[in-house]
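Have the structure open as you read.

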Amino acid sequence: MLTLLQELIPTPLGPLWILCDEAYQLRAVEWQEHSDRMEQLLNVHYRAEGFHRVDAVNPGGLSDKLSAYFEGDLAIIDNLPTATAGTPFQREVWQTLRTIPCGQVMHYGQLAERLGRAGAARAVGAANGSNPVSIVVPCHRVIGRNGTMTGYAGGVQRKQWLLRHEGYLLL
């Protein structure tokens with residue numbers, strides 16, 4: 001059975017859940033108000049092996065590192081360890097999301113092309129939308145082809161804040 005260490009930290013955008021395994025690899029990062037979504041993703045991903053959650057304080061220093069991101073140390077999230085379940089395609093999309101530099105964005109079609117799957121923008125969008133490790137796996141850096149702030153599970157206002165925080169100038 002998988003043990004998930006969890007902590008709820010304050011951020012400028014509201015409380016944020018951080019869940020990691022005992023090796024301090026992030027398994028989920030989600031806004032408190034979207035706890036139901038996080039619970040659904042955890043059940044989909046880890047139902048077979050089973051999991052339980054245990055409260056922790058700053059597990060593996062991850063809470064401090066995410067807090068530092070919100071305080072302006074933007075590069076600190078680049079190398080935080082993650083361990084996600086999901087399909088091979090989803091994991092490929094999530095890994096590719098981490099290659100989008102801070103302060104830059106791309107649209108779903110560009111992300112599909114980067115994956116060598118031109119024409120799979122919708123599938124990429126679906127995988128992006130099921131990302132369990134928000135912020136660290138920067139799904140907020142993907143926008144619509146026309147520059148619109150398309151869906152973000154945490155809400156469009158948070159997506160805009162994160163992009164501004166990272167130096168992307170919104171038109």
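This is a predicted model: local features need pLDDT of at least 70, side-chain atom pairs count only at pLDDT 80 or more; totals for chains, interfaces and linings use all residues.

**From the surface to the core**

Now for the overall build. The protein has six helices and six strands, and along the sequence they come in the order β-β-β-α-β-α-α-β-α-α-β-α. Its radius of gyration is 15 Å, close to the 16 Å that the globule rule gives for 171 residues, so the protein is as compact as a globular protein of that length. If you boxed up the C-alpha atoms along the principal axes, you'd need roughly 45 × 35 × 25 Å.

What about the inside? Of the 171 residues, 50% count as buried. The largest nonpolar core holds 37 residues, and Leu 26, Leu 66, Phe 70, Val 93, Leu 97, Val 124 and Ile 135 touch the most other members. At least two residues of this core come from each of β1 (2-9), β2 (16-20), β3 (26-31), α2 (62-70), α3 (88-97), α4 (108-114) and α5 (121-129). There's also a second, separate core of 10 residues, including Ala 28, Met 38, Phe 51 and Ala 85.

To finish, zoom in on Ile 135. Beyond its neighbours within four places in sequence, Ile 135 is in contact with Leu 16, Trp 31, Leu 66, Tyr 69, Phe 70, Ile 77, His 140, Tyr 152 and Leu 162.

Technical notes. Residues are numbered from 1 along each chain as its sequence is written. Side-chain values use heavy atoms; hydrogens and water are left out. A nonpolar core is a set of buried Ala, Val, Leu, Ile, Met, Phe, Trp, Tyr and Cys residues joined through side-chain atoms within 4.5 Å. Buried means under 20% relative accessible area, exposed over 50%, partly exposed in between (1.4 Å probe, protein chains only). Helices (H or I, at least four residues) and strands (E, at least two) are DSSP runs, numbered from the N terminus. Contact means heavy atoms within 4.5 Å. The radius of gyration is taken over C-alpha atoms; the globule rule is 2.2 Å times the number of residues to the power 0.38.
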